Amino acid sequence: MSNWNLLAEKVLIGEELTDQEALTVLTCPDDEILELLNSAYQVRKHYYGNRVKLNMIINTKSGFCPENCGYCAQSRDSSAPIQKYRMMDKDTIIEGAKQAARQQSGTYCIVASGRGPTNRELNIVTSAVKEIKENYDMKVCACLGLLKPEQAKQLKEAGVDRYNHNINTSEQHHKNITTSHTYQDRVETVNHAKRVGISPCSGVIIGMKEKNEDVIQMARSLNVLDADSIPVNFLHAIEGTLLEGTNELNPTYCLKVLCLFRFINPTKEIRISGGREVNLRSLQPLGLYPANSIFVGDYLTTAGQEGSKDHQMIKDLGFEID
């Protein structure tokens, strides 16, 4: 039995990886990548079988953000030529849910740029959510920035199932990515959602000049946060952002990261998110051996793979849509 299979066995009996074992995953020799993927797949299969969860995003408000996140085209410091618009109306958000249903998406993600939602924005979202929940059998996830406790309560009462607020990077690397809010601000928002009974969704962006130790810390922090859903984004560096020109990733490293997140968060939904098309490239299907979820359609300011290709990829793997 290979050392990689021993890791899977360890995880499946409820033991945690040591830091050294976690580092070994991220530095796995490329000629052992299939063995590593098979090991992570044993864990994924135990909890999720061959099912794949589909999520779709609607970007309900683009640009005009006062935060200075270095990866984001919507940041106040970005000169990226993106489409900018204020909050969509309720009917447009509901129409997006119809598209999500057509794509067989189990979760519809309502996203808005900004530090946090205004009362008007929150009212539009909650009004839309109530109608969506009446008409469609899907989960609704909101991602509206930093939340106050009473805002979390309002979202819960409207029927929001999940709230996304990514930690994005490790606590120690956070100041290198943004200074307009703290790492703790982000953690607190996730906790506000949890306290009112909304399922917490929190993830990361890989490839922002962090070290392997930061990646391990991210995975462990999300385990402590007990995030039910973990989107793993791979930096798609956009011209005009502070991180433009950053290109640290390759497909096999991305696969190792997904394996690590599966080992450290074995029971959780691990979602291959933004940047999968440009970073995993032709190895995208292999990502579904450790991960059990993907976004379909476009992301916030970048285009995703055409939906029918994702459905075909899942079918070709012998997997099924959850």
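**Close-up views of a predicted model**

**Figure 1. Contact between helices α8 and α9 in the predicted model.** From α8, residues N212, V215, I216, M218, A219, R220, L222 and N223 meet Y253, V257, L260, F261 and I264 of α9. By class, the residues of this contact comprise 10 nonpolar, 2 polar and 1 charged. Helix α8 spans residues 212-225 and helix α9 residues 251-264; their axes come within 9 Å and cross at roughly 35 degrees. The crossing of the two helices is right-handed.

**Figure 2. Strand β9 and its pairing with β1 and β8.** Strand β9 is formed by residues 293-296, with S293 and F295 pointing one way and I294 and V296 the other way. These four residues are all buried. Strand β1 (residues 51-61) pairs with β9 in the parallel sense over 4 bridges, and M56 stands opposite V296 of β9. Strand β8 (residues 269-272) also pairs with β9 in the parallel sense, over 2 bridges. Here R271 has S293 in β9 as its bridge partner.

Figure 3. The whole structure contains 0 disulfides according to the search. With a relative accessibility of 2%, C28 counts as buried. C201 is buried, its relative accessible area being 0%.

Terms used
Residues are numbered from 1 along each chain as its sequence is written. This is a predicted model: local features need pLDDT of at least 70, side-chain atom pairs count only at pLDDT 80 or more; totals for chains, interfaces and linings use all residues. Side-chain values use heavy atoms; hydrogens and water are left out. Buried means under 20% relative accessible area, exposed over 50%, partly exposed in between (1.4 Å probe, protein chains only). Two strands pair if DSSP finds at least two bridges between them. Axes are lines fitted to C-alpha atoms, for helices over the stretch in contact, and angles run from 0 to 180 degrees between N-to-C directions. A crossing is left-handed if the near helix is turned anticlockwise from the far one by less than a right angle, and right-handed if clockwise. Contact means heavy atoms within 4.5 Å. Ala, Val, Leu, Ile, Met, Phe, Trp, Tyr, Cys and Pro count as nonpolar, Asp, Glu, Lys and Arg as charged, and the others, Gly among them, as polar. A disulfide is a pair of cysteine sulfur atoms within 2.5 Å.
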